[in-house]
Amino acid sequence: MKRNLITKTPVAGLSKVVGCPTSSTGDIMAPDSDEDDWTKYADTGYESNYDPWADLVSTNEEVDDFEEDIDEFVDDDIGPREIPRCPTPDGIEHAIKIGTCDYCLGRVSGVRIGGDPLEEVGARVRKEASERDSDIKPNDDVDCCPFCEDLFMELDLIAERIISAVEGVEFQKVQIGIHFAKDHVAAEEVLRTTVAATGSRPLKASLSDAVQNAVSKRLPGISWVKEGPEVMILFDTLTLGVNADIRALFLYGRYRKLERGIPQTRWPCRACRGRDGGCESCKGTGQQYPDSVQSLVCEPLVSALGASSDSFHGMGREDIDVRCLGSGRPFVAELKSPVRRNPDFDDLVKQINELAEGKIEIDRLRFSNKPEVARIKETKAEKSYTIRFSSDHDLSSEEIEKRINNLSGQTLEQQTPQRVAHRRADKVRKRKVIEIEEIIVDGKEIQFDVRCESGTYVKELVHSDEGRTTPSVAGLLEADCEVLWLDVKDIHAD
Ligand SMILES: [Zn+2]
Ligand SMILES: [Zn+2]
């Protein structure tokens, strides 16, 4: 007889070994980029449409011979190439003899109807087989189910481990990723395409369903999702280890900075760099400044939500000595690994504002997400400033107003200011002054409001940075100008 009438190509890509996910570092990533790896583990459901026979290649000219061969061999001892397949009685008998467990029998026997629990289907199939022939039982040398290696027997243990991994964590949306050893997946594929009925559900999808059901029974109210989970569970079939990744909670708000001398984000002490519990110059705080907008906003949030740490993402930032008024600056606070995620926002806003004692305040909080972090980082919002400076001019108030008003609508050329040259590329940027308003001349002190394009260096617009910004107020007044203070009056963003 002919051998190898049917050749099977290996099924690629069913298992991907990827590293454990690391928690977000606070760096800005493309939206959801750290979730990509997880989805490779996850039961995406696509396997359910997978036809295990789809990749079979038959050698056409020999088909007739093949059928004749089968007829001749019907009552003979079955050789390794002629394993009967489910759902035929012989196929089911074979599956039972090689030690297939009830769960796997339920999914490979090809007699499952609707959503019957796998183990019930398997037990029924086994019972029917033994009613046909009471000798049908597993071979003596069987030590585990050849399909699942007895993973389905461990469902209770797996569910317990998952539940203890998320103990005390508030969540509703959960996603599971199951990681198999690559050779297990490959071996199961081969066995299933040899023994199982056409269209049998793959191990990974079936186990994933079974684990989800087992967990849901104990934790009613959770919902299993394919994306955007609050908790991601990774289960490793080799070690039966469970790893729960509590996804960060993102909250959006706008802050007003009412005092000068506060940096937007935490700033490690220059002397000790924040290491080893601080030093003398930072009084053991590890911080260059006692407060930051980040610490004032996030610390109450971290404690209210039981988070492990935070990141702060602002729509740009003002200098330490610059206040931020008006409707405030949009931000997203990222709370890592929060055990609570349904806070009372009004309460939190009140708490933050009380603890900040007038240094900063926020207007409100709402749920946000990682894509919004990218959005606010990328938004180039126009801003209005109020700036006050002193000048040794010899001009009348009217003349000063006239000359400063001249800046309305002009495009500035700003070479990278000396004060930021150490961290910014040295180049000339063009920025538009949209409008000048509210010019106040008070002897040698002058003040005005200016609305300008995002990225304008406003202090330099006044003092000219030794001619690096043109035109400038100093240039127009033909006098030295020294900035006294600057406020962000408003940020024109949603
Ligand atoms: Zn099994
Ligand atoms: Zn220090």
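Analyst: **Loops and their surroundings**

Asp150 sits in the loop that runs between α5 and α6 (155-165); helices (H or I, at least four residues) and strands (E, at least two) are DSSP runs, numbered from the N terminus. Bear in mind that this is a predicted model, where local features need pLDDT of at least 70, side-chain atom pairs count only at pLDDT 80 or more, and totals for chains, interfaces and linings use all residues. Residues are numbered from 1 along each chain as its sequence is written, while chains are lettered from A and ligands numbered from 1 in the order in which they are written.

Back to Asp150: its phi is near 65 degrees, a positive value in a residue other than glycine. Asp150 counts as partly exposed because it has 15 C-beta neighbours inside 10 Å. For that call, a residue with 20 or more other C-beta atoms within 10 Å of its own is buried, one with 12 or fewer is exposed, and anything in between is partly exposed, with C-beta atoms placed from the backbone.

Glu357 is another non-glycine residue with a positive phi, near 50 degrees. Look for Glu357 in the loop between α10 (345-356) and β10 (360-362). With 12 other C-beta atoms within 10 Å, Glu357 is exposed.

Now for the cis prolines. Pro471 lies in the loop between β16 (469-470) and α14; here the bond from Thr470 is cis, with omega near -10 degrees.

On to the loop joining α14 (473-477) to β17 (481-492), which holds Ala479. Ala479 has 16 C-beta neighbours inside 10 Å, so it counts as partly exposed. Ala479 and Ser391 are 88 residues apart in sequence, yet their C-alpha atoms are 6.4 Å apart in space. Leaving out residues up to four places away in sequence, Ala479 touches Ser391, Asp392, His393 and Ala474, where contact means C-beta atoms, placed from the backbone, within 7 Å.

The axes of α3 (residues 89-97) and α5 (residues 118-132) come within 10 Å and cross at roughly 110 degrees. That makes α3 roughly perpendicular to α5. On the α3 side, Pro89, Ile92, Glu93 and Ile96 meet Val125, Arg126, Ala129 and Arg132 of α5.

What about the interior? Val297, Leu301, Ala333, Ile387, Val450 and Val458 touch the most other members of the largest nonpolar core, which has 50 residues. Such a core is a set of buried Ala, Val, Leu, Ile, Met, Phe, Trp, Tyr and Cys residues joined through C-beta atoms within 7 Å. Helix α9 (residues 293-305) gives the most to this core, with six residues. Domain 3 (249-378) and domain 4 (382-492) both give residues to this core, so it lies between them; the domain bounds come from an automatic or database domain assignment. Setting aside residues up to four places away in sequence, Val450 touches Ser384, Tyr385, Ile387, Val433, Ile436 and Val458. Apart from this core lies another, of 44 residues, with Leu207, Val215, Ile233 and Ile246 among them.

Finally, the whole protein: 14 helices and 17 strands, with 34% of its 494 residues buried.

Key
Two residues are in contact if their C-beta atoms, placed from the backbone, lie within 7 Å. Axes are lines fitted to C-alpha atoms, for helices over the stretch in contact, and angles run from 0 to 180 degrees between N-to-C directions. Angles under 35 degrees count as roughly parallel, over 145 as roughly antiparallel, 65 to 115 as roughly perpendicular and the rest as oblique.
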